[in-house]
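The following questions and answers concern the protein chain shown below.

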Amino acid sequence: MPSEDPAARSASASVGAAVAPPPAFAEQANVTAASLREEFAENWPACWERAADLLDWRDDYEAVLGGDGPPFRWFEGGSLNASYNCIDRHVEAGRKNQVALRWAGRLGESRAYTYLDLHREVNEFAAALRALGVEEGDIVTLYMPMIPELPVAMLACARIGAPHSVVFAGFSADALATRMESADSEYLVTCDGYYRRGTPVHQKSKADNARVELDHSVEATVVVDRLGDQPPLDDDEYDYERLVRQHHSATVDPVPRDAGDMLFLIHTSGTTGEPTGVRHTTGGYLAQTAWTARSVLDIKPEDTYWCSADIGWITGHSYIVYGPLALGATTMLYEGAPDYPEKDRVWELIERNAVDVFYTAPTAIRAFMKWGAEYPESHDLSSLRLLGTVGEPINPRAWKWYHEHIGNGECPVVDTWWQTETGAMMVTTLPGVDDMKPGSAGRPLPGISVEVVDEDGAPTDPGEAGYLTVDKPWPAMPLSMVEDTGWFADHEQGRPPLDRFDWAYFTEDAAAVDEDGYITLLGRVDDVINVSGHRFGTMEIESAITAVEGVAEAAVVGAPHDLKGEAIYAYVTPVNADDEATLRERIVAGVEDAIGPIAVPAGIVFTPDLPKTRSGKIMRRLLGAVARDDDLGDISALRNPEVIGELDPIPERED
Ligand code: PRX
């Protein structure tokens with residue numbers, strides 16, 4: 001069975017009273033037809049043509065969904081280029097002077113790229129990549145913070161048909177090496193360094209260390225001079241600025257890619273010790289991303305839109321770069337922290353740039369709430385038309401605060417459920433049409449088919465917790481699912497039986513559905529912890545901890561945290577209990593080195609033994625209950641019940 005019974009979660013979910021879409025918003029919304037879900041359902045899969053119509057195709061597709069699948073060939077026979085769709089066609093449509101990218105740097109700098117500017121630099125960098133030897137199909141790793149060169153590099157890769165693999169800048173050298181290794185990536189674009197909360201991070205030295213660890217060689221490394229202290233470069237290293245200058249005014253024809261060709265690779269945490277590579281397609285991914293950016297985020301070409309995620313995660317790929325740029329809007333990129341130099345930084349940026357649509361994570365909203373309403377109140381936020389959240393459940397209190405203090409009660413709030421694997425939004429409200437229920441994401445989007453099932457694979461009753469399952473393919477499905485015929489083989493690994501569906505994807509999320517079909521998410525049922533909307537596999541962190549000298553055994557669990565939603569807690573058995581302070585420091589350093597500071601546990605508890613079953617398996621469920629201060633439940637399987645008395649609950653930590 002899955003590692004956790006979803007029913008155990010049901011008590012924690014609460015949903016507020018329904019809120020109707022504000023009439024002023026509904027009047028101007030991109031989607032106003034309440035019948036859209038029915039229309040899509042009746043006309044599935046041809047309905048997805050509506051999404052494909054938002055794109056310019058080089059060769060028209062012959063079928064919206066080719067074959068009976070799997071494999072699922074979305075927009076079969078069609079070809080297109082993502083960079084052309086995100087840039088050239090807007091320039092050709094006479095919108096060259098519209099700002100495409102507005103960047104706010106950490107030190108108060110700002111830069112704006114019109115669509116023409118973006119066209120120029122993407123072409124120049126694409127030419128440079130080619131000159132370095134990058135060919136269609138080669139995977140280029142991008143290891144950069146939130147600077148404009150990151151989306152430029154993504155689009156340059158897309159232009160020449162080289163899939164990018166963006167690695168979150170905060171990840172360690174080891175984590176970068178693992179991802180480059182698994183992608184067999186021989187090209188790297190990085191920067192000299194950047195500031196993280198006032199401390200310089202030497203990105204280039206992390207990249208250098210990663211290169212040493214790789215089994216294969218790196219053909220070329222491009223380095224952006226972000227801090228102005230570009231270290232001396234080796235022969236196979238190139239300064240970004242110089243490269244772009246050398247290719248001044250170069251143009252590169254966008255390479256036509258088949259709809260099913262890979263646009264990019266992104267890694268995410270799963271239940272294995274290694275990150276999983278997820279490969280997204282060019283046609284289906286871009287179509288659904290553009291379609292959801294338009295119908296859910298209500299983005300219009302003239303909008304200034306801001307998604308505060310990092311491009312290192314899927315949210316940034318889909319809704320900072322591809323979705324808004326495919327629609328020809330202005331997308332903002334912010335490098336800094338939300339509380340620097342002051343706690344009103346976000347609101348100041350929204351006011352200064354007259355942001356129309358703002359998309360963020362519940363963890364940020366909880367921090368804004370804690371800081372106080374006086375910060376948003378000191379700014380004119382009347383430009384805002386719509387608010388969104390993503391990444392984790394938002395509780396009704398935070399939802400209402402966001403709605404009232406940021407949206408002035410006039411902006412719909414879309415709570416969007418999706419995953420790295422789904423590529424684009426799947427479950428949420430259509431903001432001009434649907435009532436919102438604070439705490440519930442909403443219904444499956446038109447064309448998306450989702451069911452909540454119980455342990456036997458049968459539909460759950462309203463309000464009953466079960467497993468969230470997608471039972472029809474969707475355009476932005478990743479290549480592994482497009483190709484995979486064996487989704488039912490997972491039964492043995494503890495998924496509910498899904499044989500009654502022709503095809504199904506089990507999301508690893510628990511959920512409950514109400515009488516109106518609204519879905520409330522109840523958290524993961526696998527060994528993945530969702531910290532501030534980011535996924536961490538417990539195994540990955542445990543192997544980082546057990547690799548530390550002096551650690552005998554470790555188990556990592558998630559427990560609720562006021563700001564982060566969930567936080568990581570580690571129970572560690574030392575080899576000998578002498579010097580806990582030093583061991584604690586070594587564990588922190590070990591996790592920082594293996595993954596990055598973002599994965600460091602909020603609490604480390606030393607214990608002489610870990611609770612184990614008679615067969616010797618660590619009982620994580622029990623540790624989770626201790627960390628959460630919950631009822632311990634059935635402990636009859638425990639071999640060493642005496643250990644319970646030794647397990648300290650996790651100390652509170654502000655972080
Ligand atoms: O547990 C769900 C949670 O985030 C997981 C996916 O994480 P990741 O692949 O990193 O993508 C995050 C951004 C799309 C899901 O399995 N999750 C995401 N959105 C929501 C959510 N949980 C509740 N409500 C949401 N709106």
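Q: Which elements cover the buried residues of α13?
A: In this predicted model, local features need pLDDT of at least 70 and side-chain atom pairs count only at pLDDT 80 or more, while totals for chains, interfaces and linings use all residues. Residues are numbered from 1 along each chain as its sequence is written, and side-chain values use heavy atoms, with hydrogens and water left out. Helices (H or I, at least four residues) and strands (E, at least two) are DSSP runs numbered from the N terminus, and contact means heavy atoms within 4.5 Å. The cover includes α12 (345-353), β18 (357-360), α14 (374-377), β19 (386-390), α15 (396-406) and β30 (565-574).

Q: Why is helix α13 described as largely enclosed by the rest of the structure?
A: A residue is buried under 20% relative accessible area, exposed over 50% and partly exposed in between (1.4 Å probe, protein chains only). The buried residues of α13 are P362, T363, A364, I365, R366, A367, F368, M369 and W371. Helix α13 spans residues 362-371 and is largely enclosed because the buried residues number nine of the ten.

Q: Which residue just after α13 takes a positive phi?
A: The helix itself covers residues 362-371. Just after α13, a phi of about 115 degrees is found at G372.

Q: What is the phi of A354, a residue other than glycine?
A: Most residues other than glycine have a negative phi, and most peptide bonds are trans. A354 lies in the loop between α12 and β18, and its relative accessible area of 38% makes A354 partly exposed. The phi of A354 is positive, near 45 degrees.

Q: Where does S249, which has a positive phi, lie?
A: S249 is not a glycine, yet its phi is about 65 degrees. With 48% relative accessibility, S249 is partly exposed. Its place is the loop between α9 (240-246) and β13 (257-258).

Q: Which residue does a cis peptide bond join to Y340?
A: The bond has an omega of about 0 degrees.

Q: How far is the backbone oxygen of T507 from a polar atom of the side chain of Q419?
A: Q419 lies in the loop between β20 (413-416) and β21 (427-428) and counts as buried at 5% relative accessibility. Leaving aside residues up to four places away in sequence, Q419 touches I314, Y505, T507, D509, R524 and R535. The distance from the backbone oxygen of T507 to the polar side-chain atom of Q419 is 2.8 Å.

Q: What separates the C-alpha atoms of V557 and A625?
A: V557 sits in strand β29 (residues 551-561) and is buried, with a relative accessible area of 5%. Its contacts beyond four places in sequence include I529, Y569, R620 and A627. V557 and A625 are 68 residues apart along the chain, and their C-alpha atoms are separated by 9.3 Å.

Notes. Polar contact = N/O pair within 3.5 Å; in protein donor to acceptor, adjacent residues only side chain to side chain.
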